[in-house]
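I opened the model today to look up a few features. My notes follow, one topic per entry.

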Amino acid sequence: MSAHQNPQHQGLFHGAVLTLIALALTGFVRAIARIGAERWFGVDTLGVLTLAMSVAAILTIIGSGGLSPGVTKFISQLRGERDQALATDLSILAARAGVVFSLVGALVAMVYVSLSNRLGTTSSFEVFAIGALVVSFGFYLSGKSILYGEDRIRPYVGREALGSILFAITLGLAVVLQAPPLIILALSAAYLPVGLTVLRAFRHMGPTKRLPVRSFVGYGIIGAVGSLAGVGFSYMTPIAATYVDALAGAALIGGVLTVLEPLNLLPRAVSLVLLPTISQTNAREGTARSAGSVAVSTALVAAASAPIFALLIIERSRFLGIFFTSLTGGATLAWFSVAFFTRIVGTPSIAALAALDLRRASIAMWSSLVGFSVAIGVWITVSPAMGVAAIGLGYAIGSSIQVIAPLIVATRRYSVRWRSLWYRIAAAGVVVGVMALLPPKGSTDVLTIALVLGLMTPEIRTAITLLRSAIRRRTA
């Protein structure tokens with residue numbers, strides 16, 4: 001059965017499109033916050049905002065972020081086993097854990113920013129705003145994982161839209177009142193509607209003896225450690241940059257992340273839908289039926305993102321100037337682009353391993369730890385000569401290490417047939433590398449994108465076919 005004839009692939013594609021819309025709203029909010037911080041309040045404000053977002057991301061990983069894959073997996077699995085009552089109890093337990101961890105994380109964040117000299121002079125208002133951001137983001141991660149485990153994608157999209165409206169209102173107040181900390185609170189407001197899902201923590205829950213608590217906690221530990229060396233790895237880069245070039249270094253990384261983070265939307269959307277889909281399929285039919293989903297998901301994210309990353313690498317010295325008045329990406333943007341593309345194409349394989357069992361889910365964690373450790377070594381040894389660009393180089397090397405093992409194991413465990421995908425991705429990399437040596441100009445950009453699109457033709461055809469099938473299903 002072809003990809004467009006398989007109902008599972010069509011459902012995966014439809015869910016990913018809805019998720020992509022919601023995540024695009026979140027990405028737009030984060031981008032506007034960073035761009036506005038630099039344009040309206042200056043580079044130092046962008047640096048503070050970037051560090052605040054990094055602190056929030058890192059401190060919520062230990063709780064809500066680390067638990068998220070396990071929450072989605074086990075709620076989906078219990079629903080696949082048709083035990084709805086137990087799935088509901090697990091969502092309540094997850095909400096309670098999210099509330100506790102988020103509040104503790106906020107306290108740690110406020111203590112950290114009060115004592116750290118990396119943020120410059122920190123006002124009480126900024127300390128409070130960063131604490132509020134940690135709470136709101138922690139709630140958001142818990143709420144999103146619960147909603148996806150319950151296959152409530154449409155309500156999630158609606159809540160993201162409401163969050164965008166709240167963000168716009170609060171951001172307007174920040175500009176009118178000329179109060180930079182309100183930008184941090186505006187981000188908190190954006191996360192709040194999805195985060196309010198954790199209010200179910202106050203519902204009555206049955207006895208926990210039937211819940212898979214041990215496996216759930218195990219996934220949480222592995223998820224936290226793996227995320228600290230994965231997502232936390234990304235958010236450590238602005239903090240590392242402050243040791244190279246203070247707030248200006250954090251601001252540069254913040255600008256680079258503003259451009260690149262939206263490109264994470266598609267793999268995140270696919271992963272959010274792929275994890276519960278594969279978890280249910282594995283529970284009902286075994287892993288053989290899931291191989292096609294892994295292959296199609298990887299093909300889609302590679303085809304969609306490769307031309308964009310090619311353009312970013314070629315236009316590395318001019319692209320940030322479109323959005324920021326005083327930032328130039330250069331080699332830092334190029335290396336971060338390589339890292340992001342590597343992580344994007346590996347995301348479906350990591351999600352596929354998480355859908356199996358605790359032992360295989362831990363592979364991504366160990367790979368992330370090794371990659372993170374190598375990156376730190378690069379940062380320490382190379383940054384005196386390369387400056388902030390060394391942060392990007394280390395991130396690219398570490399990201400490649402993180403992806404290799406999960407990709408190999410997922411290929412073997414699911415017996416994925418990749419055909420010529422990886423050869424064509426390698427060929428696209430060679431094309432971009434050669435074109436990057438030429439002076440940037442419009443004709444070079446067009447030729448490079450055309451060549452990359454030509455190499456990705458089979459994947460583009462698959463995407464078009466799935467899109468047509470989704471449109472026909474919606475209009476039928």
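**Surface patch.** I looked for nonpolar patches and found one of about 600 Å², made by Leu162, Ile165, Ile169, Leu173, Val176 and Leu177. Patch members have over 30% relative accessible area and no salt bridge; like charges are joined within 9 Å, nonpolar side chains (Val, Leu, Ile, Met, Phe, Trp, Tyr) within 5 Å. A salt bridge here is a side-chain nitrogen of Lys or Arg within 4 Å of a carboxyl oxygen of Asp or Glu. Accessible areas come from the Shrake-Rupley method with a 1.4 Å probe, and for residues only the protein chains shown count as cover.

I then checked Leu162. Leu162 sits in helix H5, residues 153-177. Leu162 is partly exposed, at 43% relative accessible area. Buried means under 20%, exposed over 50%, and partly exposed lies in between (1.4 Å probe, protein chains only).

**Ground rules.** This is a predicted model: local features need pLDDT of at least 70, side-chain atom pairs count only at pLDDT 80 or more, and totals for chains, interfaces and linings use all residues. Residues are numbered from 1 along each chain as its sequence is written, and side-chain values use heavy atoms, with hydrogens and water left out.

**Whole chain.** I noted 16 helices and 0 strands. Helices (H or I, at least four residues) and strands (E, at least two) are DSSP runs, numbered from the N terminus. Of the 476 residues, 59% are buried. The accessible surface comes to about 19,300 Å², and 67% of that belongs to carbon and sulfur atoms.

**Helix H2.** Where does H2 bend? I found the bend at Ile61, about 75°, in a helix spanning residues 43-80. The bend is the angle between axes fitted to the seven residues ending there and the seven starting there. I also checked burial: 32 of the 38 residues of H2 are buried, so the rest of the structure largely encloses this helix.

**Arg30.** Is Arg30 buried or exposed? Arg30 is buried, with a relative accessible area of 11%. Arg30 belongs to helix H1, residues 7-41. Beyond neighbours within four places in sequence, I listed its contacts (heavy atoms within 4.5 Å): Met53, Leu187, Tyr191, Tyr235 and Glu261.
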